[in-house]
Structures are given as C-alpha cells and as structure tokens.
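This report describes a structural model through its domains, helices, contacts and backbone angles. Please consult the sequence and the coordinates alongside the text.

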Amino acid sequence: MNLSPAAVRLLSIAGLIAFWALLAALHGNPRVLPGPADVLPRLWAEILSGELPFHVGATLGRVAAAFVVAMAIGVALGLLMGRRPGVDRWLDAWLVVFLNMPALVVIVLCYLWIGLNEVAAVAAVAINKIPMVTAMMREGARALDPALDAMARVFRMGPRARFRHVILPQLAPHLASSARSGIALIWKIVLVVEFLGRSSGVGFKIHMFFQLFNVTMVLAYALAFVVVMLLIETLIMQPVEARARAWRTA
Amino acid sequence: MSALEVEIRRKAYGDHEVLRDLRFTVAAGETLAVLGPSGSGKSTLLRILAGLDDDFEGSVRRPERVAMVFQEPTLLPWRRAIENLTLVTGVSRAQAEAALAEVGLAGRGTLYPRQLSLGQQRRLALARAFATRPELLLLDEPFVSLDARLVEEMLALTEALITATRPATVFVTHSVAEAERLASRVLRIGA
C-alpha cells in the first residue's frame, strides 16, 4: 500500500487521538483522564466564548516578542563569536554558564529583579533562548567558506551585497534550525513564565485549572496551543526553509 | 606605464619567511607566469597582489579593476549563473549575457552552478573574471586537476580572452608548458 506523506501524517495523528481515547476508556475516570470526547466539546465552547482566543493571543504575543529578541541578539553574538576568535575566547565561558543555567532560575530571578510584568516575562524567555541561538550561529559563522570570502573581496563586493548574497545563504540552514528549535523551546518556557507570574495567557489558564483540579480544561488549553504551534511550524517555518533550500533541489 | 608595480621586501608567517626581495612590473597586455614548486609562496604572492593580504613589508601599486580566477570555480551555488556575474561584479544583465556568450554559455544564465558540468563551471568563473574588463587579471593555477582535454579547452579560451581584452596578467602555475603557452615572461620563485 502506497500512501502519500500527508495521508500518513493524518493517519498517524488519528492514531494518537485513538490511543488517547483508548487510555481514557481503560482508566474509566474522566475527572483524572478525560478522553477526546470530553475535552473537544469544552475546547469548542472556550473558543466560542472568546476566552481561549484571548489567552492564546496573549501567549503568542509573548512568544513572538521573545523570539524576535532572542534571534536578534543570538544571531549577532553568534556571528561575532564565530568570526572573531578574540571575542570568542572572552565570551565562551559566559556562553557555557548561560547554556547551563536552569530555565526556572532565570524566570524566578527576572521576576524578582524586574518585577511581575511583561518586560520580565519576555526577558526571562529570551535569556533562556539566546545562548542556544548564539551557539548554533557561532557554528554557522565558523563554517563560512574562506574561498568565497576571498572571491567577494577580490571582486570588491559591497558589504551589503556580500552579506546578502555570500554570507546569509551560507548561514540559512543554521538560521532555519535555530529558528525552529527556538520557537519550540520558547513557547514551552513562555507557558512556565505565565504559570508563575502572569494574569493572562495559556500558562495562566493552566495554572488556574490546575488549582481547581480541572484536568479537562488543562488538556483543552494545552491541545489548543499545540495545534496553533503546529500550524505556525507548517504554514510559516517550513515554507520559509523550503524557499531557502530551493537552489539545492533545482 | 606599468599596470602593476610590485616591491615585496619581506613576507613572513611568524618566523617562517615566505617571500623576500621580489621586484617586478607587469604592463597592460603582458602576461607574467610565476613558476615555483609547492610551498614556494606562489599563492601568498597572488593574495598580496589581489589585496587580500596587507601584512607584508613593501608596496604594491595595482589598478582599479582587478579580477581573479581561482583553483576552484568558487561560484555562489545559491545564485543563478547570470547572477554570479551581475551580483559579484556589478555588471549589467546585458553585459553579463555577453560575457556568458564569450565563454560559450549563452542561454545558460538561468541555471544554478550545480546544474552545470565542471567544465562549464570553470568557464563561468572565467566569464566572471572577464566581465568587468579587468586591468589586472590574476590566475591562481586555474587549470590544476583538470583532464588534458579540458586544460586545452580552457587554455585556448583564456588565451583568446586575454588577447581580446589585454589586461596585465599574473599567471601562477607549476606547469612549464602552460607558462610557455600563455606568458610572455616567466618569474621563478622559491627553492
């Protein structure tokens, strides 16, 4: 039997939902492990009431802000460290420290030092992500082809043209993978940040339903956000990556 | 007046001296072959002439328009053949198309380098070098690792383009036969 990749993906997701339904049926207590038949109607009701779109929107806003800040600072630092061995020697130990700093510590410290506000929330997430982007982009910058660099200099390419046509295409795979792994890490940390100290967002709602021991709603919000992030991955990240790779498959 | 004037008193990497007391000039339309064994500093000399290495004792006076053909084609694999000329050298599309035609690549401008054969990639690199009508042309063993038929094809093409455009040319090679074919003068360096 030859199925298209899309059909396999759909069947695989259907299998996961069936597995969840089976576990719920076996467990038999929907207060502890509600099945899809319990969660999906509640999810739909939350969407219609406007409650879920509001909180998903708040979380997405934080994800976007933290993503932009982390990518901008991480890419700049990574390029600098990859291109300048002197800078790399100075900052390498810092990078190791920040790479190994537990996310929870950074979040708690940001709330304590900056206050329970949006700046602290976005900063905490960005600080968690910057070291990883930096490390990945440093590898990309180190792998830049010196022969192409020499060619660009001999032919007197301007700095902008050189960056756009010589450097950026070489960094594209590193940028794409740090963006993809970045967004996956960031949205998980954003939920923790909201859980600990915000009054809006998916993490806040999960905290609230956790205190009420409402597993159905915890699962409804988690499911909604996973679906949103999968859509972002499929509709934005993958097409952008495919475009950057077009020359390889031409 | 000479297009290229070179005076290198000393070039060293740390304590290791690579070049010493080198003085020569190359006039427009003249081709100087630089012969020498591996490790004799040929590539270092070419990097200095190209302006890629300023860390030496001496001076180099070179013209404004410099082009180079490297050992490898050194193309931008993510840009089409024609963009490899327009984006890198700044020539117009029409000029780039003319340069492609000169090396027998007319109509291939929309292909990516990896869609071209190795011989065609070499010719594209040659087209890029001649597209700007350089006053100084640097050739860094451009025919190394090619089979005999391709070497002959590239030599003939290069010879024709040099005759037509008359740049001052410095041709680094370790092949005496190639040197005699292209060059009017030979400079031997190293051991």
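Into which domains is chain B divided? Chain B comprises domain 1 (1-65 + 134-191) and domain 2 (75-132), the bounds coming from an automatic or database domain assignment.

## Basis of the model

The model is predicted: local features need pLDDT of at least 70, side-chain atom pairs count only at pLDDT 80 or more, and totals for chains, interfaces and linings use all residues. Residues are numbered from 1 along each chain as its sequence is written, while chains are lettered from A and ligands numbered from 1 in the order in which they are written.

## Domains of chain B

The centres of domain 1 of chain B and domain 2 of chain B, taken over C-alpha atoms, are 23 Å apart. Ten residues of domain 1 of chain B and nine residues of domain 2 of chain B form the contact, where two residues are in contact if their C-beta atoms, placed from the backbone, lie within 7 Å. On the domain 1 side, α5(B) gives the largest share, seven residues. Helices (H or I, at least four residues) and strands (E, at least two) are DSSP runs, numbered from the N terminus.

By class, the domain 1 side that touches domain 2 of chain B has six nonpolar, two polar and two charged residues. Here Ala, Val, Leu, Ile, Met, Phe, Trp, Tyr, Cys and Pro count as nonpolar, Asp, Glu, Lys and Arg as charged, and the others, Gly among them, as polar.

## Architecture of chain A

Chain A contains eleven helices and zero strands. Its C-alpha trace spans about 70 × 60 × 30 Å along the principal axes. Of its 250 residues, 31% count as buried, that is, with 20 or more other C-beta atoms within 10 Å of their own; 12 or fewer make a residue exposed, and values in between partly exposed. Among contacts in chain A with a separation of 6 or more, 71% join residues 24 or more positions apart.

## Packing of α9 and α10 in chain A

Helix α9 (residues 202-211) of chain A packs on helix α10 (residues 215-244) of chain A at an angle of about 165°, with the axes 8 Å apart. The two helices are therefore roughly antiparallel, a term for angles over 145 degrees. The contact brings A:Val202, A:Lys205, A:Ile206, A:Phe209 and A:Phe210 of α9(A) together with A:Met217, A:Val218, A:Tyr221, A:Ala222 and A:Phe225 of α10(A). These residues divide into nine nonpolar, no polar and one charged.

The buried residues of α9(A) are A:Val202, A:Gly203, A:Phe204, A:Lys205 and A:Ile206. Their packing partners are α3 (51-83), α8 (159-197) and α10 of chain A. After α9(A) comes A:Phe213, with a positive phi near 55°.

## Interface between the chains

In the interface, 14 residues of chain A are in contact with 17 residues of chain B. On the chain A side, α7 (146-154) and α8 each supply at least two residues, and α7(A) provides the largest share, six residues. This side has twelve nonpolar, one polar and one charged residues.

## Positive phi in chain B

Most residues other than glycine have a negative phi. B:Asp21, not a glycine, has a positive phi of about 45° and lies in strand β2 (residues 16-27) of chain B. B:Asp21 is exposed, with 9 other C-beta atoms within 10 Å.

B:Glu141 likewise has a positive phi, near 40°. B:Glu141 is in the loop between β6 (136-140) and α5 (148-165) of chain B, and is partly exposed, with 19 C-beta neighbours inside 10 Å.

Notes:
Axes are lines fitted to C-alpha atoms, for helices over the stretch in contact, and angles run from 0 to 180 degrees between N-to-C directions. Angles under 35 degrees count as roughly parallel, over 145 as roughly antiparallel, 65 to 115 as roughly perpendicular and the rest as oblique.
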